[in-house]
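Subject: Structure for you to look at

Hello,

Here is the structure I said I would pass on. My notes on what turned up in it follow below.

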Number of protein chains: 2
Amino acid sequence: MKKILNDPQNYVDEMLDGLVAAHPEIYAKPAHRIITRAGEKTKGKVGIVTGGGSGHLPVFTGYVGTGLLDGCAIGNVFASPSADQMAETIRAVDAGAGVLCLYGNYGGDVMNFDMAAEMVSFEDDIRTASHAVSDDVASAPRGEMEKRRGVAGMIYAFKIAGAAAERMADLDEVARLARKASGNVVSMGMAMTPCIIPQLGKASSVIGDDEMEMGMGIHGEPGTWRGPIKPADDILDEMFDTLQADRPLGKGDRVSVLVNSLGATPHEELYILYRRLAVRLSEIGVDVVMPLVGRYATSMEMTGASLSILRLDDELEDLLAAPANCAFWRV
Amino acid sequence: MKKILNDPQNYVDEMLDGLVAAHPEIYAKPAHRIITRAGEKTKGKVGIVTGGGSGHLPVFTGYVGTGLLDGCAIGNVFASPSADQMAETIRAVDAGAGVLCLYGNYGGDVMNFDMAAEMVSFEDDIRTASHAVSDDVASAPRGEMEKRRGVAGMIYAFKIAGAAAERMADLDEVARLARKASGNVVSMGMAMTPCIIPQLGKASSVIGDDEMEMGMGIHGEPGTWRGPIKPADDILDEMFDTLQADRPLGKGDRVSVLVNSLGATPHEELYILYRRLAVRLSEIGVDVVMPLVGRYATSMEMTGASLSILRLDDELEDLLAAPANCAFWRV
């Protein structure tokens, strides 16, 4: 297992200890597997919490920070945190104005956040709203949005809801903006090698030496096809055309785009993809605002990349450009 | 070859096109394989140029930006750019106050920068100073500094010299500060898998399935030992102890530290290393200022990590904290 770790059982907890040790001005760990912002809460600010399995840094925990999230419940690698953890995270960030639960659309996370919302409503009288982001176009057709998984595009929902909450918008408004951002973002990914789950000590699947898988999920969920590795431009074109078929863009549209590495794929290759993306967007007259190129949502050392496109209007563009600060993203 | 590319011959140029397309407010490409800051030069500011082989993003090209570098000459993957390219880069950034050439200590780069400095002195009457960073403790003993290679620690020299130049220090002063930062930084790395050079289509060496190599260079240069993979804490301890033996730190010292992924090693594992590093530094009473954890100097998809430690004094700490902005690092 080509990983840097001690006991695989301690992978997540040692990672969290290191995160807080390195960035004590950003992250605090008030309880086991719960990360919140460091410092005092802002009274009357809507809290935003997320949660999910580990192994995707900066997702989920990394996006706790100013203008972003307030707290995160952390599960084992690729495993949902418990409803109790989520409820405790909600309690930890509540500052009297209610809490938005904003996370990726995975069965365990949805079920546990629903339970957590009931618990804090009943036990603590905390008002919550919830939204599960489902941006992964490859995971289900548009007619079955409830089956679509959440992937890298969810960081746009974090950013936009986080900016609104920082401006002291109320819970209904923060939830509305989170849903609007989520509804405006689509993503499509591809992978060439899987990642290694520490407690298994090996990859959960194998992709042949000359093969790639289009549409593979960030936990290795099956994609739309597996076959010989295509040239970068063809890969980008297929991802872009799939997103265009799902949610067409046209002349005059303004977007932000995220060319994201799933982990091992280097910056060099993300820029090779971006080069083609810039051509495709320019051809149809779409303007790009604040392009993101890097590692924003990963699966540890998975090789591959994803493309997310967020369609903007004045309201979303303003919130996207608002200040934000965490250890992984500064605006 | 599990890489996202088109023709391997175009890897570097397509990467540069994408970099400039994504960040036109930061980078400009005034000539083939030359990147400079976008926008007008500041008259009378000392220019700082670097150069080297590709495949190490953000090193070298990525660190062109405000409060950092002014220009970069770009070679093929793991190959030095030519003296002509370097001379052209120096000419492109000269704003009347001379130019510092600041790069890693590799034979080809040293020779070509020396030639380039002669060319611009003779042909253009541009005054230059030069410094080759040699922070890699594993590559040669302290008594043979001229044989030590430059690795991740060089980004501290970029940052500190860049801040001084931005404050309009003169060439002698910018060069003095670059040498001081360089003299105060030491680095040590380890690798578990090599990277794939696009034009070869395969790894340049193989490390056994259960093996790691301590001290391996960022181009696969032999390290100090190869053997079974050790636990993360043992790896960190050996890297830290090696740096301590070379350049001891003690109670009251202030440092910045960089825990750097060579590419594929995920953030999770860098934080597991950081956790142990924080304990070691705390035990000897050393304070950490602005720790960096991430991908600051890579070898594409190499698996592994490096540790760099910069000893600070008031002057260096002030310059380290000065504003800086490129696509990969914002202070």
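This is a predicted model: local features need pLDDT of at least 70, side-chain atom pairs count only at pLDDT 80 or more; totals for chains, interfaces and linings use all residues.

B:Pro58 sits in the loop of chain B that runs between β3 (47-54) and β4 (71-77). The peptide bond between B:Leu57 and B:Pro58 is cis, with omega at about 5°.

A:Phe60 belongs to the loop between β3 (47-54) and β4 (71-77) of chain A.

Next, backbone angles. Most residues other than glycine have a negative phi. A:Met300 is not a glycine, yet has a positive phi of about 50°. In chain A, A:Met300 is placed in the loop between β14 (292-294) and β15 (303-311). Is A:Met300 buried or exposed? Its relative accessibility is 0%, so A:Met300 counts as buried, the cut-off being under 20%.

B:Met168 is not a glycine either, and its phi is positive at about 70°. This residue is found in the loop of chain B between α4 (154-166) and α5 (171-183). With 41% relative accessibility, B:Met168 counts as partly exposed.

B:Met168 is also one of the residues touched by B:Thr42, as is B:Ala95, when residues up to four places away in sequence are not counted. B:Thr42 lies in the chain B loop between β2 (34-37) and β3. Its relative accessibility is 41%, and B:Thr42 therefore counts as partly exposed. B:Thr42 and B:Ala95 are 53 residues apart along the chain, while their C-alpha atoms are separated by 6.7 Å.

The other residue I noted in chain B is B:Asp246, in helix α6 (residues 232-246). At 15% relative accessibility, B:Asp246 counts as buried. Which residues is B:Asp246 in contact with, leaving aside its neighbours within four places in sequence? They are B:Val137, B:Arg142, B:Arg148 and B:Val186.

Now chain A as a whole. Chain A contains eight helices and 15 strands. The UniProt record, an unreviewed entry, places the feature "domain: DhaK" at residues 7-329 of chain A.

Taken along the principal axes, the C-alpha atoms of chain A fill a box of roughly 55 × 50 × 35 Å. Of the 331 residues in chain A, 64% are buried. Taking contacts in chain A between residues at least 6 apart in sequence, 73% join residues at least 24 apart.

As for the surface of chain A, the accessible area is about 11,200 Å², and carbon and sulfur atoms account for 51% of that area.

Regards

Technical notes:
Residues are numbered from 1 along each chain as its sequence is written. Chains are lettered from A and ligands numbered from 1 in the order in which they are written. Side-chain values use heavy atoms; hydrogens and water are left out. Helices (H or I, at least four residues) and strands (E, at least two) are DSSP runs, numbered from the N terminus. Buried means under 20% relative accessible area, exposed over 50%, partly exposed in between (1.4 Å probe, protein chains only). Contact means heavy atoms within 4.5 Å. Accessible areas come from the Shrake-Rupley method with a 1.4 Å probe; for residues, only the protein chains shown count as cover. UniProt positions are given in the numbering used here, feature names are shortened, and annotations may be inferred rather than shown by experiment.
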